Amino acid sequence: MTQTTHPRHHTTEASEDVVLGVDTHKDVHVAAVITMTGALLDTRSFHTTQEGYRQLLARARAFGRLQRAGVECTGSYGAALTRYLHSEDITVTEVNQPDKATRRRRGKTDAIDAAAAAQAVLSGRATATAKTSDGPVETIRMFKMAKTSATKSRSQAINQLKAILVAADPALREALTGLSNSKLIRKCSELDATDGTTPAAAARHTLRLLAKRVQHLTEEINDLTGRITTAINACAPKLLNRYGVGPDTAAALLIAAGDNPNRMGSEASFAALCGVSPVEASSGKTQRRRLNRGGDRQANSALYTIVLARLRWDTRTRDYVERRVSQGKTRREAIRCLKRYVAREIYQTIVPPTKAAVTLASAD
């Protein structure tokens, strides 16, 4: 633990509130403590270990009552610290990095960034509650990450196998021509092992290895899909019952929402998070809304996949698109509207209603 700056002297009472700001890195976090009037009290660096987190919190609490903290990169370098602060009943706010204009004016150091994080929370510029990352959704995120890499590796192996077949010995190529992927993989995995050094022998050996790799990755993907489904049913049991929602799309939407989806406050916030909220693009006599190109693109892609599935199989969805197109909207704009409606439906599924809302509904 080392002192990194020399802030101006400022005394505080133990009962006064203070705000913590943290600039996160892989091995070291830099923490700054400020008063409710914005005066900088202290800036220090701490190792990213359990003892380092304990020292960081103890140091911050030595200046007063700590209830709020602003942390950068709560989904990566700051994830473990965020979980620790949550366990200590401290409200953690996700803080974005300062914009370029502010950095040009103030300069760039870890201490400055940590103080800026605390100032962002104090001023209200940073309002997004950080994900807790301590429940089933964090489990889903890790399984989904492993499944994505396994799927990419399997596709790569299949492409390599087919590329080898193009230049393989005619007799071998003709024996494997016209087979479906599953039959092709099985036939290649059953090829005899050979120790020859000729191109034909090398091709047979490589085809066998690639086919066995594909089979292993398929088993891994199926196992992860089952684990993802189990985790989804643990936190949002009704989600997979929604029309067009599968394990992969459900996982992407839950990961975007986090383990504490109530932090978003409304379904409009969830729609904005997924990049499906309408954006005004009007000027003069033209009144229109355009596609939102922001938000979580994985969640946006999941909503698009759900809409495509409904367009293919659901009559009501097709009728809706035809009606909006007849009213002058393009097909893309109609799909944007559908994604917004699906986002509302998903939000109502993954976020349990509050007690106040349930009481009000029962009173009606």
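**Exposure, cores and helix packing**

Mentor: Arginine 312 is exposed, with a relative accessible area of 61%, and this value, like the others we shall discuss, comes from a model that is predicted.

Trainee: Why does arginine 312 count as exposed, and in which helix is it found?

Mentor: The word exposed applies over 50% relative accessible area, and arginine 312 is therefore exposed because its value is 61%.

Trainee: How should I read the packing of H11 with H9, and what are the angle and the distance between their axes?

Mentor: Two packed helices are described by the angle between their axes and the distance between the axes. Here H9 and H11 pack at about 145°, with axes 8 Å apart, and H9 passes H11 in a left-handed crossing. On the H9 side the contact involves Thr249, Ala252, Leu253 and Ala256, which meet Gln298, Ala299, Ala302, Leu303, Thr305 and Ile306 in H11. By class, this contact has seven nonpolar, three polar and no charged residues.

Trainee: Which residues of H8 are buried, and against which elements do they pack?

Mentor: An α-helix has 3.6 residues a turn, so residues three or four places apart point the same way. The buried residues of H8 include Leu207, Leu210, Ala211, Val214, Leu217, Ile221, Leu224 and Ile228, and the buried residues of this helix pack against H5, H6, H7 and H9. With 37 residues, H8 reaches 53 Å from its first C-alpha to its last, close to the 54 Å expected at 1.5 Å a residue.

Trainee: How many residues does the largest nonpolar core have, and which have the most contacts inside it?

Mentor: A nonpolar core is traced through buried residues whose side-chain atoms lie within 4.5 Å. In this model the largest has 39 residues, and Leu253, Phe270, Ile346 and Ile350 have the most contacts inside it. The elements giving two or more residues to this core include H5, H8, H9 and H11, while H13 gives the most, with nine residues. Isoleucine 350 touches, among others, Ala236, Leu254, Pro261 and Phe270. Apart from this core lies another, of 21 residues, among them Phe46, Tyr53, Ala69 and Val92.

Trainee: Is serine 133 buried or exposed, and where is it found?

Mentor: The cut-off for buried is under 20% relative accessible area, so serine 133, at 13%, counts as buried. Serine 133 is found in the loop between H4 and H5, and its phi is near 55°, a positive value in a residue other than glycine.

Note on methods
Residues numbered from 1 in each chain as written. Predicted model: local features only at pLDDT ≥ 70, side-chain atom pairs only at ≥ 80, totals over all residues. Heavy atoms only, no water. Buried < 20%, exposed > 50% of the residue type's maximum accessible area, 1.4 Å probe, protein only. Helix = DSSP H or I, 4+ residues; strand = E, 2+ residues; numbered from the N terminus. Contact = heavy atoms within 4.5 Å. Expected span 1.5 Å × (residues − 1). Axes fitted to C-alpha atoms, helices over the stretch in contact; angles between N-to-C directions. Left-handed = near helix turned anticlockwise from the far one by under 90°. Nonpolar A, V, L, I, M, F, W, Y, C, P; charged D, E, K, R; others polar.
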